[in-house]
Amino acid sequence: METRVTPEPRNVEARETRYDARAIEAKWSARWRENPDLYAAGGGKSTRPKYYVLEMLPYPSGVLHMGHVRNYSIGDALARYMWMNGYNVLHPMGWDSFGLPAENAALKAGVQPRQWTLGNIAHMREQMRRLGFAYDWSREVTTCLPEYYRWNQWFFLKLYERGLAYRRMSRVNWCPECATVLANEQVVGGRCWRHEETVVEQRELEQWFVRTTQYADELLNGLEELDGWPEKVRTMQRNWIGRSEGALVDFRLEAPAGRNAEKATVFTTRIDTIFGATSIQLAPEHPLVAPLIGNDPALLAQVEELLAEQRRAREAGDIGKLDTTKHGVFTGKYAINPFLEAAGQAEAARMPIWVANYILMDYGTGAIMSVPGHDERDYEFARKYDLPIKVVILPRKQNDAAGGHEPHESLLPYAGTESLLINSGEFSGLACREAMQEMTRYAAERGFGKASITYRLKDWGISRQRYWGTPIPMLYCERCGIVPVPEDQLPVLLPENVEITQSGGSPLGRVPEFVNATCAKCGGRARRETDTMDTFVDSSWYFYRYTDARNSEQPFAAEAARQWFPIDQYIGGVEHAILHLIYSRFWTKFMRDLGLVANDEPAVRMFTQGMVIKGGAKMSKSLGNVVSPDEMADRYGADSTRMYALFAAPPDRDLDWQDAGVEGIHRFLGRVYRFVMRYAAAGRRAQESEAPTLAPNGSRRLERKLHQTIQRVTQDFAGRWHFNTSIAAIMELVNELQDLEPQIAAGEIPAPQVADAQRKLVLLLAPFAPYLAHELWETLAGEPGIPDLLRHPWPVFREELAREEELEVPVQINGKIRGRITVAANIGEEELREAALGDEKVRAALEGKQVVKVIVVPVKLVSIVAK
């Protein structure tokens, strides 16, 4: 006998089944907290396939913002989906908790950085729990605690042992607001990345560096293997690494008789143009500049002005402006072009030496050969200062034309490489690329040049003159020099209750009990390093610590890392494409060479989510457009807040926040809740249906829509991650269920089928609205303590059940839609053509016209051309 579904009366529903998100979420939050192993990842003996999903850890500023909520909702939905698909999921969370804001807060509020930071962590952890994020808190990492930062110090010692950490004087970026050094990557538009209104200055300081350039080729080549990373991220890294192949060539400086000549070494990517060089140009900071200008006060003043121009351009973040405002100073001295000298062209080989504002010391050697006939910048400089322009590469148009080897000036500068050399001595007639190889070999054989590769990437300056960071584990002894702190003396602890100021260097330098130490070599008096490490050191390897977070003997066990790495899915903002992601890739390769890890890259797949904005602008306190996740959760529930963050836009696009949108999601979840509650009791009485069979009318309609929805959501998780369309599909399913309620109540759709649809609806909702899904899952079971929904198998769609039996096909006439016809899904082209021409509306629109052509796009469109 068929079971009929009898819903609860509507007045009972109104009274007893109001969707109370706050009560439901409080109930399940308390229950989840009682089970600390709920989200725990399985150990090495697990037989399930591993899946490591990770969102970038936050800085504990005190409160979560909607950007955090969006990021973590994406990762949480994926983690829950993978659990339901039978994976052993690692989904941890931690805190990037060293940094400048803690010191700034200490200055303003008189609170010690440690107290401020740990208080913020406690509050943000509660916010995450309130929002229902499924983190394995047993693996929580806090980078400002000694049990973590001791391993930063251990890694530093290993870098130092291998010559990858070193100390030198350097011109550095100095933020007056932070009172500390910034890495090049932390200067954005000439301003501090944290203080967007503060102009960064240039200073000379002795600093610790990490030799990231040692891995430059690996960092660059490895990008080709990262096809699971966004192309824009890979492009940004390629550009930042900036590999250039070329040659170093020595230009001997003219010297008075009896004195040894110095040389200016230039880096060039176009040695094939060297016969066209007409001057040498040096960066204002080049070490040869001072001896070349001597004590000439006029020249010295002009060079100082070039330096000032560069400094202003750097501070304004517009170093490219120097290319359009080129200025130079002739030193009065000359260098000898070795190729022209070897060719017997002694007079032509004498090249004037200039100092130019657009030549930068941190690219190549800080010296260039100026070839105005074949370089845009050199051409403009030569025209401005009336320097000779020589053509040594035949411009392509001349090369293609018959006769004539003297190009018209309108073709200059010609920088192409698909041509031939002219006016280049014995190398004339060679193709450019062949000439590059031949001329490099020629220079090497004669001892005045060699092949070389240079990079835009520079070594990573990690010294910071601040308190709240990892102390650098080095000592300075008058007898022994620089001495590493022995490993058995780690960690070098940060002292507490330190006076924080923004002047006088590192606050640690004013703490005698910290500064005064004993030399590990001679036992004499030593001074401890008072700089702390850049906080990007903390975030370069934190995700490995998650695999073995309580290990007190090593950063992590190698076998634990091998179980989980590489990360299967990493999620974070594109603003970290250069900073964090390059440093973490470097750190992975360094740890691989230490034997700690076996992988070359930290993550297989990378996803960069869009920003959350409001009113067309990025959320900020100054604009007064910040939305509090706590407020949204209190008003509409955590499920509505996170689900809206996934629904309002594709996750890789910016999301313009609308409070009304959260309210709309809340109303939708209320509809789901009431629908399930209306039929839950009858569904419990019904037995779960056997494998569905094709059924007529409403039953088949429901079956088709259910399997289409499962298919769509499953494919979105597997591919493009357009969770907005996944949620829209679930909404369509709920609409269909409600449209079918009269047939459900009349028994036309069997109760087991309705119960099956309800269960699968709840399973589909589980990654997006976990609180409500757990409540409804328990309701459908009729008893508490049922097996956790988190690990219930994900529903499986069947293509034959998802397939439409009839389709609506639009018919257009001369490009305008004139009708729609309903046809069988498997209709042939000729039948579709006849059906379109036979449609009443189409026939009326064609009256008095001649059909010229009918184009049939199977099951999608019929296009008629008529006149």
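# A conversation about the predicted model

Mentor: The mean positions of the 104 positive and 114 negative charges of the protein chain lie 1 Å apart. Please keep in mind that this is a predicted model.

Trainee: Understood. How many residues does the chain have, and what percentage count as buried?

Mentor: The protein chain has 867 residues, and 55% of them count as buried. Its accessible surface comes to about 37800 Å², with 48% of that belonging to carbon and sulfur atoms.

Trainee: What does the C-alpha trace span along its principal axes?

Mentor: The span is about 115 × 90 × 50 Å.

Trainee: And how many helices and strands are there?

Mentor: The chain contains 30 helices and 32 strands. Among contacts with a separation of 6 or more, 73% are between residues 24 or more positions apart.

Trainee: Back to the charges, then. How many salt bridges does a search of the whole structure find?

Mentor: The search finds 50 salt bridges. One of them joins Glu775 and Lys27, whose closest N and O atoms are 2.9 Å apart. Glu775 belongs to helix H27 (residues 770-781) and Lys27 to helix H2 (residues 21-33), so this pair ties together parts that are 748 residues apart in sequence.

Trainee: Is Glu775 buried or exposed? What about Lys27?

Mentor: Glu775 is buried, with a relative accessible area of 12%. Lys27 is partly exposed, at 30%.

Trainee: Which residue meets Lys27 in a salt bridge with a distance of 2.9 Å, N to O, besides the one you named?

Mentor: That residue is Glu778. Lys27 lies in helix H2 and Glu778 in helix H27, so the two connect parts 751 residues apart in sequence. Glu778 counts as buried, at 9% relative accessibility.

Trainee: Which residues do salt bridges with shared partners join into one network?

Mentor: The network consists of Lys27, Arg31, Glu775 and Glu778.

Trainee: Where do Arg833 and Glu830 lie?

Mentor: Both are in helix H29 (residues 829-838), three residues apart, which is about one turn of the helix. Arg833 is partly exposed, with a relative accessible area of 28%.

Trainee: Changing topic: which residues form a nonpolar patch on the surface?

Mentor: Val852, Ile855, Val857 and Val865 form such a patch, with about 280 Å² of accessible area together. Strand S31 (residues 851-857) supplies the largest share of the patch, three residues.

Trainee: Where is Val865 found?

Mentor: Val865 is found in strand S32 (residues 861-866). At 33% relative accessibility, Val865 counts as partly exposed.

Trainee: Now the backbone. Which residues does a cis peptide bond with omega of about 5 degrees join?

Mentor: That bond joins Leu490 and Pro491. Pro491 sits in the loop between strand S20 (481-484) and helix H16 (512-515). The peptide bond from Phe565 to Pro566 is also cis, with omega near 0 degrees. Pro566 lies in the loop between helix H18 (558-564) and strand S24 (569-573).

Trainee: What is the phi of Trp721?

Mentor: Trp721 has a positive phi of about 65 degrees, although it is not a glycine. Its place is the loop between helix H23 (697-718) and helix H24 (723-739). Trp721 counts as buried, at 2% relative accessibility.

Trainee: And Asn814, what is its phi?

Mentor: Asn814 has a positive phi of about 50 degrees and is not a glycine either. Asn814 is placed in the loop between strand S29 (806-813) and strand S30 (816-824). With a relative accessible area of 43%, Asn814 is partly exposed.

Trainee: One more pair of residues, please. Where is Val172, and what does it touch?

Mentor: Val172 is in strand S5 (residues 165-175). Not counting residues up to four places away in sequence, Val172 touches Val181, Glu201, Gln202, Arg203, Leu205 and Gln207. Val172 is buried, with a relative accessible area of 5%.

Trainee: And where does Glu262 lie?

Mentor: Glu262 lies in the loop between strand S10 (244-253) and strand S11 (263-268). Glu262 is partly exposed, at 46% relative accessible area. Leaving aside residues up to four places away in sequence, Glu262 touches Phe251, Arg252, Leu253 and Leu288.

Technical notes:
Residues are numbered from 1 along each chain as its sequence is written. This is a predicted model: local features need pLDDT of at least 70, side-chain atom pairs count only at pLDDT 80 or more; totals for chains, interfaces and linings use all residues. Side-chain values use heavy atoms; hydrogens and water are left out. Patches are made of residues with over 30% relative accessible area and no salt bridge: like charges are joined within 9 Å, nonpolar side chains (Val, Leu, Ile, Met, Phe, Trp, Tyr) within 5 Å. Accessible areas come from the Shrake-Rupley method with a 1.4 Å probe; for residues, only the protein chains shown count as cover. A salt bridge is a side-chain nitrogen of Lys or Arg within 4 Å of a carboxyl oxygen of Asp or Glu. Helices (H or I, at least four residues) and strands (E, at least two) are DSSP runs, numbered from the N terminus. Buried means under 20% relative accessible area, exposed over 50%, partly exposed in between (1.4 Å probe, protein chains only). Contact means heavy atoms within 4.5 Å. Lys and Arg count as positive and Asp and Glu as negative; His and the chain ends are not counted. The place of a charge is taken as NZ of Lys, CZ of Arg, CG of Asp or CD of Glu.
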